[in-house]
Amino acid sequence: MIVVTGATGNIGRSLVDHLLAEGAAVRALTRDPERAGLPAEAETVRADLTDPASLGPALHGADALFLNLAAGGGDAARTVVDAAVKAGVRRIVLNSSIAVSEGPQDADNFLARMHGAVEDAVRASGLEWTFVRGGAYAANALQWAEEIREGGVVRDPHPGAATSPVHEDDLAAVAGAALLDTTGAHAGQAYVVTGPASLTREDQVATIGRVIGRPTRVETIPEEQAAEERATPGVPKEVLLQLFRLFATAVGTTAPVTDTVERVTGRPARTFEQWVEGHAADFR
Ligand SMILES: NC(=O)c1ccc[n+]([C@@H]2O[C@H](COP(=O)([O-])OP(=O)(O)OC[C@H]3O[C@@H](n4cnc5c(N)ncnc54)[C@H](OP(=O)(O)O)[C@@H]3O)[C@@H](O)[C@H]2O)c1
């Protein structure tokens, strides 16, 4: 039995489908099974990763765990990892981040600190582990969907910031390979998983315009204004400002591109254009 946390998320949905297609028994966790819309072939179980009482039943009988700690941090990770050890889980595949470099620069990067703390908790568990250190998700472009639908103008503080956007299906395929591994090849690996090309945010917006057949452009706005406008209870202004400062350091750079998707899955990484083609309805 493979337990998938964040099963309703970007990677989680794709991973559940992938594991079911490979014939695995899957338990999909969500805080709200009624709204989750997960496949009937998966066992959908209510669990909240911040509520230790829900973890025992959620992990009971599991061999492997896909851990996506969107709700997390180091403390939450230790709670989940302890519950996994108690439940007899043998293997954890962790959704981590390219921000983690294990170098001194991690101290200055809040994403590296957050994901690094979770990695530490998984390493300390003594269980077999694989880290999927994803680059910026192609799905982050959905944050522009409303602006593109309503006139095609995306307002952004750092349009020149470069990332190598990665398709959620590729992240799921790499995680799936590690979860289903029978050879031990993926144990103890920290995979940096990116898309196939470095693109600026402006390039991404232009690609969306090309695919949907409508003009799009980017207008630069101050960080402060963008953070004010986009803050939500889940993602407060201070977090957005930290994120924008990371984007500022990526302006004028070329983002790293890895061959992990091809090495692990045998298929080339999907392009951002392919991602947009699959999500075009969100932008029209
Ligand atoms: N966005 C990027 O570019 C990027 C890059 C690298 C790494 N990451 C990391 O990827 C992770 C996921 O990010 P995402 O924004 O793409 O989110 P997501 O995985 O698409 O969605 C969040 C998921 O977490 C679940 N969740 C939230 N709170 C929960 C809780 N208390 N208990 C159980 N499940 C909970 C939600 O499920 P329910 O609502 O169904 O419970 C949902 O499935 C984050 O840790 C992020 O730092 C993101």
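The legends below describe close-up views of a predicted model and its ligand.

The model is predicted, so that local features need pLDDT of at least 70 and side-chain atom pairs count only at pLDDT 80 or more, whereas totals for chains, interfaces and linings use all residues. Residues are numbered from 1 along each chain as its sequence is written, and side-chain values use heavy atoms, with hydrogens and water left out.

View 1. An N or O atom in the side chain of Arg31 is 2.7 Å from an oxygen atom of the ligand. Of the 910 Å² of accessible area (Shrake-Rupley method, 1.4 Å probe) that the ligand has on its own, the protein covers 78%.

View 2. Thr8, Asn10, Thr30, Arg31 and Asn140 come nearest among the 24 residues around the ligand. By class, this shell has nine nonpolar, 13 polar and two charged residues, with Gly counted as polar. Its largest share, three residues, comes from β5, where strands are DSSP runs of E of at least two residues and helices runs of H or I of at least four.

View 3. The buried residues, among them Val80 and Val81, pack against α3 (55-59), β4 (64-67), β5 and α5, contact meaning heavy atoms within 4.5 Å. Gly88, whose phi is positive, near 90 degrees, follows α4.

Key. A residue is near a molecule or strand if one of its heavy atoms lies within 4 Å of it. A polar contact is a pair of N or O atoms within 3.5 Å; within protein, one must be able to donate a hydrogen and the other to accept it, and residues adjacent in sequence count only if both atoms are side-chain atoms. Buried means under 20% relative accessible area, exposed over 50%, partly exposed in between (1.4 Å probe, protein chains only).
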